[in-house]
Amino acid sequence: MIRDRGEALLVGTPSDAEISRELIGTVYRPRGRGFRLLLAVALLGTGVLFTCITITVTVGIGTWGNNIPVGWAFGIINFVWWIGIGHAGTFISAILYLFEQPWRTSINRFAEGMTLFAVMQAGLYPLLHLGRPWFAYWLIPYPSTMGTWPNFKSALPWDAAAIATYFTVSLLFWYFGLLPDFAACRDQAPPEARVRRVLYGLLALGWRGSAQHHRHYRLTYGLLAALATPLVLSVHSIVSTDFAITMVPGWHSTIFPPFFVAGAIFSGFAMVVTLAVPVRRVFGLQRVITKRHFDAMGKMILCTGWIVTYSYIVELFIAWYSGDEAEVYQFFIARPFSHGSWVWWGMMLCNVGVTQLFWSRRFRTNTVLVWFAALAINFGMWAERYVIIVLGLQRDYLPSSWGDYLPTWVDLGLFGGTMCFFLLLFILFLRYVPFIAAWEVKELAHELRHGHAPTGVI
Amino acid sequence: MRHRLFSRGPVAGLVGELDSPDALLAAVRALRARGFTKLDTYGPFPVPGLEEALHLPRSGLGWIVFPIAMAGAGAAYLVQWWTNAVDYPLNVGGRPPHAAPAFVPITFEMGVLSAALAALVLALLFSGLPRLHHPLFELEGFERASLDRFFVVVDAADPAFDLEAARAALGDVGALRAVELAP
Amino acid sequence: MAAPFPRWSDTALRVALVVIVLFVIALVAAPMIWMRTIFATGQTFEVDQPVQFDHRHHVGDDGIACQYCHTQVERSPRAGIPATEVCMGCHSQVWHTSPMLEPVRRAWMSGSPVPWRRVHKLPDFVFFNHSIHVGKGVPCTACHGRVDKMPLVQKVAPLTMGWCLDCHRAPEQHLVPLDRVADPAYVPKPGEGAELAKAYGTRHLTHCTTCHR
Amino acid sequence: MSDRDHDHHAETPEFPAGVDVAPDGIARRTFLQLVGASAALAASGCAQSTPPEMLPYHEQPEGLVEGVPLHYATTLSSVDGFGVGVVVTTREGRPLKVEGNPDHPDSLGATHAWEQAAIWSLYDPDRARGVARMQGPLRVPATWDAVTAALTAPRSDGGAGLRLVMRPTTSPLLAELLGRALRRHPSARVTFWSPLAPGHARAGARLAFGAPLQPRYDFGRADVIVALDGDFLTRGPGRIRHQAGFAARRRPPAMARLYVVEPSLTVTGGMADHRLARPSGQVPSIAAELVEALLSSSNGGAAARGANAEALAACARALRASAPPDPSAGNDPRRRAFVAAVARDLAAAGGRVILYADERQPPLVHALCHALHAHLGAVGETVTLHPSPLVEDTPAIAARALDIKSLAGELRGGAVDTLLVLGGNPAYDAPADVGFAEAMTHAKARVVLSPYSDETALASTLHVAEAHPFESWGDARAVDGTVSLQQPLLQPLDGGHSAVELLALLAGDAAPRPEALLRARHARGFAAALQRGLLDGTATPPTTAAIRWSALAATPPAPPPVTPPPAGLVPVEVTLAPDASVLDGTLANNAWLQELPRPFTKLTWDNAALIGPTTAGALGVSTEDLIAVTDAAGRTVEIPALVAPGQADGTITIALGYGRAVAPGIGERTARGVGRNAYPLLTTTGGFLVKHATARRVGARHPLARTQGHFSLEGRAVALSTTLSAYTARPVVAPHLRGPVPTLMPDVAARDLGGPRTNEWAMAIDLSTCVSCNACTIACQAENNTFVVGKEGVLKGREMHWLRIDTYYRAPVDTRDELERATDEPRPIHEPMLCQHCEKAPCEYVCPVNATVHSPDGLNEMVYNRCVGTRFCSNNCPYKVRRFNWFRWTEEVPVNAGRISLQQNPDVTVRERGVMEKCTYCVQRIRRAEIAARLANRPLADLEVRTACQQVCPSGAITFGSLTQKGSLVSRAHESPRNFSVLHELGTRPRTQYLARIENPTPALPMTSSDKGHGE
């Protein structure tokens, strides 16, 4: 058994052939009943999603619970939440790659998949929450016959640019990483699967694993990683400016960018765990995704969780220190005690309370417990966005205009719908794409055999 | 930069199949030692030390991507400045029409975006992809190059090319087989 | 196992890639181009009217000033469509038997109006005011073209916001002396526009509530 | 001509169909044919492909310039019969907007909300059509001849079986016609009925003077005002004038002092310097105590002596006797101190005083007020007495008058064969003990004139749709007798007829022509009167009538019996009040008024039982709990409770005019199912005051749609107030809330972008004079095509009003619980809140598409057709004055669609679903004036542009103008030491600024903690 700093990264000494069979072979396995069932559920939920979208677009935003003063609610909450989740993938594959963390290898691929699908969900909301979505293209600077342009002082065009870039780069990064494994799928295709062999062949673009390929490949991969790294940090920073540039009490805060990025990675890792545990169980990948991985992710959660906790404390302190009556009221009365404050308590419990469990290594390496903790954190981070957006707007400057918010069934339908849509994309990904970077695992195995540290690029 | 594999002469080159990265390294070193220079290898993952053994220069891709990134960023800034401050300046909340700080995020994002796109496209072009068909694919058993086997190819275009010598060299390093590639 | 792709597949792939790229470009460019065509703006199309009213004849030959029929253009946001009585003012005397004018006479007798067809149509959220334009030296032709040369009135300007802005940013190029506003043939002397702009205190109004309220 | 006014379908890329409302073709066609502008047919014009039609006039109407408004002077009669002169703006024949007539003594250029809302009633789709025979709830269309036959037919019995019911009126024309009708039918009798008729006031005047004289108050001259359960600012004849005069004396330094005693907060009570919340039933004894205090030399001074002191004392004793014994009187220090302070001020005021009582008070209290006026020398100073302009007070007609109870008796007795109801809705609003609805069915022929198929109409045999005042000829008198004319602005939309026509028929005129009749009635200066709106020299000179002291001192009426309530029920005194919006129910079908937030409660689309916190505690109810209120006779009303600050303990106040029982399908669809009917509690004996009632909790709940849920200032300096003394000592009220704020941002002046500096538009609102009469809110709605959203919409917090009036209670209060918040003396302050047009607008820089930007002349522009609806601007607006079109309101709330769209201002875009909207400073008015001025090559004068809210405000609380015009009113207001900006510290630099409210409390009474505070 090959060990790396105590916990095993790879259990046993799998040969390249075994690795291929285990990791590439998945795409040629026959579909099970479980898969069909899950697919049905996901499709149903996706149906709900598109029904709610149709209603929203045809009838109007009035079908949501939003009002004046709460102009933003579920739409933006879910947007920020999904984007946040979309952070872990690129974080793992890019930043951990640059820092040459060997444990990223077996989880980065589906973490990236998760990122893409999460960002796709997120992308829906900014469109849907518009009063007139059919004019969304007005945010793009194009030469119109009206002679008008977008306003680049607003954070929303920044958002659009950030999300678009993040999605594109993540997609490229993901696909580029997949090239060798698509080639493997092409080459490993059983005789009967002729069509899929061609499809994978097309996706592989004729990859042959030549040294000439690898020469540029590794540099480009490193380059993309280097580009994706600042992206990961910039995207949620920019999303946070949607709030930070305003003067709404509880929004107007300079701590938001780092606060949001930490929160994003926090929730992102939680989601990776949420997905990794069942995947590992179902596909029997205990050899590849080991306790060591959960241990490492647990540490990340603990660390980012504490950054979030620290931000909560700073927010409260600054609110008190500023002496601004609106801020003080917002943080010390509105959030803990006004309409919907249970969400605030939930947030505190999950993000601050549950995180502390990760101090224990025994806890971090217990996949069952970790899974439930991850769920709690997923909720906690959603609650955080609810607290900031809704509770912030409910109680702003003029007491006369204070109002309360309640979601409608369309709001809930859209939220649940995106979850199912995400599930749908994810299980299709598990089914038809090598969701663990086989070539990297082979490389890792090779390196571990030789006992020298994995090679970075830069 | 696509490496050609066709040359006049009876054979296009010699392919040696090996079962481990270490064998591959050994083979390459041996062939280099025998003076072969037009070598290429194929395998499921990048073998450490292989590029040094092949004396492959470091990819110069980065030098092209950087200016493209700068151009992308610059264009983004210009668009924002021209539309908001020059073509149709409006009094937006009493802020200056040319609000440099506000233009930073998009400038940055567009820089990264253009860089990423450029990097990918160039990487493919440099490695001669996409190329769906390649004579090596016709080589029986080559599909294992992406699974668990390693191949080294001696190009017949190599001035020092000598079929027998190459075959011998491959034999010495314990190649499973050495196959001639018909032109 | 045989090679996954035959030799020709590379060529095919390259062609496919080119086609896809071109298609995407077209997808963006096509609507932008379309919006600028006369088919989208409705320029140069003659609109059939219930009565073949010929501005060429009335303005060109008879030299009737625009305001004679469009009486309110100097006082009202609208040029105004002449009331039936205005038509009958002349045509109870001249051509009072012409079959061409039958619809007008019928309208006059029955009291139900002649259903003229609109040629220049602005969206409901645009508030154009004729009086201030005419009153500050913007000639009718600036927007309506040489009506005196039109057998049937047609739209010559695109009437897009961009087109409005062009003039609002540099009105000088169009201004004429107030007494020549309705003279379709008048050509401003070089430099005259600038002087008139000074004289009339012309302003460059490009803020939104100039037109949108 | 542009088809904006007529082609409502215009389909354009930016605004798809539906942006602009498409009224149903039929209605608008008939309508416009009638007004002669058959251009309406253009409504058929549609998509771009087939060009829309343009329909010219047949002959250009006299003086009509397309796109240029015309103004007509006419008159609206209030429910109490008094006229308010108005000027109506029309466009291409469509009445669009009501303004006050500056020449009219009781308008002075302003109106209240009801006059503004009249325009909605004009286009109300639920109005009844033409003439119809009623067969049960079925309206079978009939002809005008049927009416002619029914009314002109000669009667053998000399009219013995003929009875008329009319609303109180001051119309000289109606008086003449009624006189003729009664002469033709010598034994016919007439009943004047409206629940809001000033009955007690006139009875009081009779008591005092022996004749129903009409007092005319000049609040502008009064130094001390005492409102004894009397809301003179929004009730009774001359209300608009009262408000103007009162406002004039709320501006420092020469401020009047206002004392108010009342059971629940009224608009007047909200302006009080000192307010005593006590049950109506206690007011007579308080009045008595006041007289005694005044007569006691200690504080009465000169007033203590005087010839009539004895008579006054007797009067006071009489009052005491008439009032129910109230034990609290003895041990009520606040009440004693209050009364003493009032007495001292009254005595010191040297006649510059006004005492005002309302209909809830018995005649004797009214009489006492008159007596005190005389005694203190107020007559001729602040009060003049005029002969009553009411028709029912002209001797000839008074002799034939019959009160409604006796009428019901006659009806039941079968003595009446023909009942003619000319307006009003007695079947709904007559007192419960009259049972009019049942009684009227005893008459064989029941001819009813009413605008809707209301309760009375449904009980009729022949229903004549009543024409709207804007559709018919008529006239009315002001308080001082000035006659103003009412002229039709368009043909009746639904073929309605007026009381004038019916009375003329009854007078034997087979084919009455109202115009001719009116012309004949006012032969001299008729034409001029049509121009000006009123007849010169028709004002009646003040009479010099003496108080009949002896009669006053006469024996009192016996005190009503006190019946102890059954155990388990909480005894309450119920005070009924006309609703702030729908009055007695006449306006119940008016969607604008229904959605108008009632003062203080901010309640819409409902009425509720206002109940004090203590009493609510005793009942164990909180807001929205249903309670059952039962009077001594066992009549019960179930109604949701609303815990109201400033409500006297042991009292419940219920607004009348709701719970209309109209048949589905026809009648008032908007009013149906809204609120609960409180008329079962109204009796001829008790009037608006229901003593010895009981209340209990029912258990169910009923959601109340309110536009404001939080009434505490939370210690934030957003609505400032201070006292006159503090103000004179330190004039600049809030130095920290005015002037420039430090900023790192380079100053980008509007003029540096997109044009030269012309004007810098700005507004100032005076919190001292804003009484929250709500006129501005409706004026804004009428001017700017704002849709109503219905109860659902308000419940969801989606009301569309561009201008709202925030009300805060300054009394130190708990922040969380409504119940605890309500205190005995809440000390409200009103703050009209609308777009502040910030120079550094937070809404602007967050808009991704530049849909809201700044104009060179300082307007915060909202470009609907550019808006994509991110709602980012609203989130970032600290004043929350932006409104979002959550739906296509014409579909979501059908009442917005159809005929009412004819009212829409063609100069203002009708907003599509999904776009943001807000106050524009009436930019359409600004641009119109600018263009006019530039065409005339002259600069704009100050006040040449007036916003809708400014123009309508009776208090003149709103000032609008340009800061660049030196010495303009607004620039002076912005310099005023009272000036401050709301949320100044945010650095938004609002162009709408406020003048702090100044109050004038007497040093004689202890100040509550917050008196010093700047709104703490």
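Modeller: In this predicted model, two salt bridges are counted between chain A and chain D. In one salt bridge, Lys880(D) pairs with Asp396(A), and the closest N and O atoms are 3.0 Å apart. Side chains of opposite charge can pair when their charged atoms come close. Polar contacts are also found across the interface of chain A and chain D, where the rule gives 36 residue pairs, both residues being at pLDDT 80 or more.

Which helices of chain A each supply at least two residues to the side that touches chain D? They are helix 2 (33-59), helix 5 (155-188) and helix 10 (325-337). Sorted by class, the side of chain A that touches chain D consists of 30 nonpolar, 17 polar and five charged residues.

The extent of this contact can be described in residues and in area. Chain A contributes 52 residues and chain D contributes 58 residues. The area buried between chain A and chain D is about 4600 Å², and carbon and sulfur atoms give 57% of that area. Within chain A, the residues that lose the most area to chain D are Ile68(A), Arg132(A) and Leu398(A), which together make up 17% of what that side buries.

About 1300 Å² is buried between chain C and chain B, with carbon and sulfur atoms giving 54% of the area. How many salt bridges are counted between chain C and chain B? The count is zero.

Let us now turn to the salt bridges of the whole structure. A search over all chains finds 80 salt bridges. In one of them, Glu53(D) pairs with Arg117(C), the closest N and O atoms being 4.0 Å apart. Glu53(D) lies in strand 1 (residues 53-54) of chain D, while Arg117(C) lies in strand 1 (residues 116-117) of chain C, so this pair joins two chains. Arg117(C) counts as partly exposed because its relative accessibility is 27%.

Another salt bridge is formed within chain D by Arg335(D) and Glu289(D), whose closest N and O atoms are 2.5 Å apart. This pair links distant parts of the chain, with Arg335(D) in helix 11 (residues 333-348) of chain D and Glu289(D) in helix 8 (residues 283-295) of chain D, 46 residues apart. Are these two residues buried or exposed? Both Arg335(D) and Glu289(D) are buried.

Glu515(D) forms a salt bridge with Arg519(D), and their closest N and O atoms are 3.0 Å apart. Because Glu515(D) and Arg519(D) are four residues apart in helix 19 (residues 514-521) of chain D, about one helical turn separates them. Glu515(D), at 29% relative accessibility, counts as partly exposed, and Arg519(D), at 40%, also counts as partly exposed.

Salt bridges can also be followed through a group of residues. Arg78(C), Arg91(D), Glu92(D), Asp907(D) and Arg928(D) are linked in a network of salt bridges.

The last topic is the cysteines. How many disulfides does the structure hold over all chains? It holds zero disulfides. Cys350(A) is in no disulfide, and the nearest cysteine sulfur, that of Cys303(A), is 19 Å away. Cys350(A) counts as buried because its relative accessibility is 8%. Cys773(D) is likewise in no disulfide, with the nearest cysteine sulfur, that of Cys953(D), 6.0 Å away. A disulfide requires the two sulfur atoms to be within 2.5 Å. Cys773(D) has a relative accessibility of 16%, so Cys773(D) counts as buried.

How values were computed
Residues are numbered from 1 along each chain as its sequence is written. Chains are lettered from A and ligands numbered from 1 in the order in which they are written. This is a predicted model: local features need pLDDT of at least 70, side-chain atom pairs count only at pLDDT 80 or more; totals for chains, interfaces and linings use all residues. Side-chain values use heavy atoms; hydrogens and water are left out. Contact means heavy atoms within 4.5 Å. Buried area is the accessible area (1.4 Å probe) that two parts lose on being put together, summed over both. A salt bridge is a side-chain nitrogen of Lys or Arg within 4 Å of a carboxyl oxygen of Asp or Glu. A polar contact is a pair of N or O atoms within 3.5 Å; within protein, one must be able to donate a hydrogen and the other to accept it, and residues adjacent in sequence count only if both atoms are side-chain atoms. Ala, Val, Leu, Ile, Met, Phe, Trp, Tyr, Cys and Pro count as nonpolar, Asp, Glu, Lys and Arg as charged, and the others, Gly among them, as polar. Buried means under 20% relative accessible area, exposed over 50%, partly exposed in between (1.4 Å probe, protein chains only).
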